[in-house]
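I opened the model and kept short notes as I went. The entries follow in the order of looking.

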Amino acid sequence: MAQPLIEVERKFVPGPDTEERLQELGGTLEHQVTFRDSYYDTPELNLMRADYWLRQREGSGWELKYPGAAVVSGPHTEFMELTVEPAIVAQLCEVLGADVLESGSVAAVLGPLGLQEVASFVTNRSVWKLVLSRAEEEPSLTVDLDTADFGYAVGEVEALVHKKAEVPAALEKIHSLSSMLGVPAQETAPPKVMVYLQRFRPQEYQHLLEVYSPREKPQGTKSPDSSLD
């Protein structure tokens with residue numbers, strides 16, 4: 001199976017001066033893009049209940065995210081990312097307890113696995129790149145500023161690493177940049193798909209939250225009645 005990357009990210013509430021701060025810190029606006037994300041799950045949300053997130057992004061293809069073993073605790077998430085379709089299919093079969101399907105195509109197994117579209121929305125994204133130091137081989141951080149078509153805005157500071165041993169250093173850089181952007185130390189923000197479900201499919205949203213104890217909400221989320229970032 002293809003080795004997934006580890007995505008270390010921290011979501012935050014973008015303020016009116018976030019882009020100005022990024023410019024002052026030497027950030028570069030790489031590009032702006034608009035795309036549609038469609039999430040797939042069983043009617044009972046069996047994937048999401050297990051903290052697995054299957055998404056088809058317009059122009060980018062399929063992606064499956066699932067939590068890695070947290071190396072450092074805190075207001076961030078560490079997700080494994082799969083983008084190779086045969087690897088996604090194998091992982092879906094495993095988490096859903098299905099016989100391994102001989103298909104290299106995610107679309108071909110949606111029906112057999114009982115998967116259907118459960119959320120779909122358009123995002124306008126500004127992508128910024130920033131290097132905190134000028135050291136050799138210093139990886140850049142990505143800052144995505146998103147506004148979904150249902151009115152929810154969220155920012156994300158992200159680093160991609162290949163090994164768990166690289167997570168603490170990436171996390172230190174993420175927290176440092178977050179502080180420079182004025183993000184409160186313990187602030188978290190729910191991902192767009194959770195807010196979508198909360199607003200437009202509240203029954204499914206409540207069922208999803210039922211499988212998490214108060215201290216084990218889906219990564220990056222708050223309780224349903226918390227203020228949204």
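I looked up K11 and found it buried, because its relative accessibility is 17% and buried means under 20% relative accessible area, with exposed over 50% and partly exposed in between (1.4 Å probe, protein chains only). This is a predicted model, where local features need pLDDT of at least 70, side-chain atom pairs count only at pLDDT 80 or more, and totals for chains, interfaces and linings use all residues. Residues are numbered from 1 along each chain as its sequence is written, and side-chain values use heavy atoms, with hydrogens and water left out.

K11 sits in strand β1, residues 5–12. I take helices (H or I, at least four residues) and strands (E, at least two) as DSSP runs, numbered from the N terminus. I listed the contacts of K11 beyond four places in sequence: V154, G155, E156, E187, T188, A189, P190 and P191. Contact here means heavy atoms within 4.5 Å. The K11 side chain also makes a polar contact of 2.4 Å with the side chain of E9. A polar contact is a pair of N or O atoms within 3.5 Å; within protein, one must be able to donate a hydrogen and the other to accept it, and residues adjacent in sequence count only if both atoms are side-chain atoms.

I then checked the record. An unreviewed UniProt entry annotates K11, R55, R57, K65, R125, E156 and K192 as "binding site". UniProt positions are given in the numbering used here, feature names are shortened, and annotations may be inferred rather than shown by experiment.

Next entry: R55. I placed R55 in strand β3, residues 53–57. R55 counts as buried because its relative accessibility is 11%. Beyond four places in sequence, R55 touches D37, S38, Y39, G61, W62, E63 and K65. The side chains of R55 and E63 form a polar contact of 2.3 Å.

I moved on to T142, in strand β7, residues 141–148. T142 is buried, with a relative accessible area of 10%. Its side chain has a polar contact of 2.7 Å with that of K129. Its contacts beyond four places in sequence include E156, a residue under the "binding site" annotation.

How do α6 and α7 cross? I found that the axes of α6 (residues 192–200) and α7 (residues 202–209) come within 5 Å and cross at roughly 125°. That makes α6 oblique to α7. Axes are lines fitted to C-alpha atoms, for helices over the stretch in contact, and angles run from 0 to 180 degrees between N-to-C directions. Angles under 35 degrees count as roughly parallel, over 145 as roughly antiparallel, 65 to 115 as roughly perpendicular and the rest as oblique.

From α6, M194, L197, Q198, R199 and F200 meet P202, Y205, L208 and L209 of α7. I sorted the residues of this contact into seven nonpolar, one polar and one charged. Seven of the nine residues of α6 are buried, among them K192.

I also noted backbone angles. Most residues other than glycine have a negative phi. L45 has a positive phi of about 60° and lies in the loop between β2 (28–41) and α2 (46–49). L45 is buried at 3% relative accessible area. D51 has a positive phi near 70°, in the loop between α2 and β3. D51 is buried at 8%.

Last, the whole protein. I counted seven helices and eight strands. Of its 229 residues, 46% count as buried.

Note on methods
Nonpolar A, V, L, I, M, F, W, Y, C, P; charged D, E, K, R; others polar.
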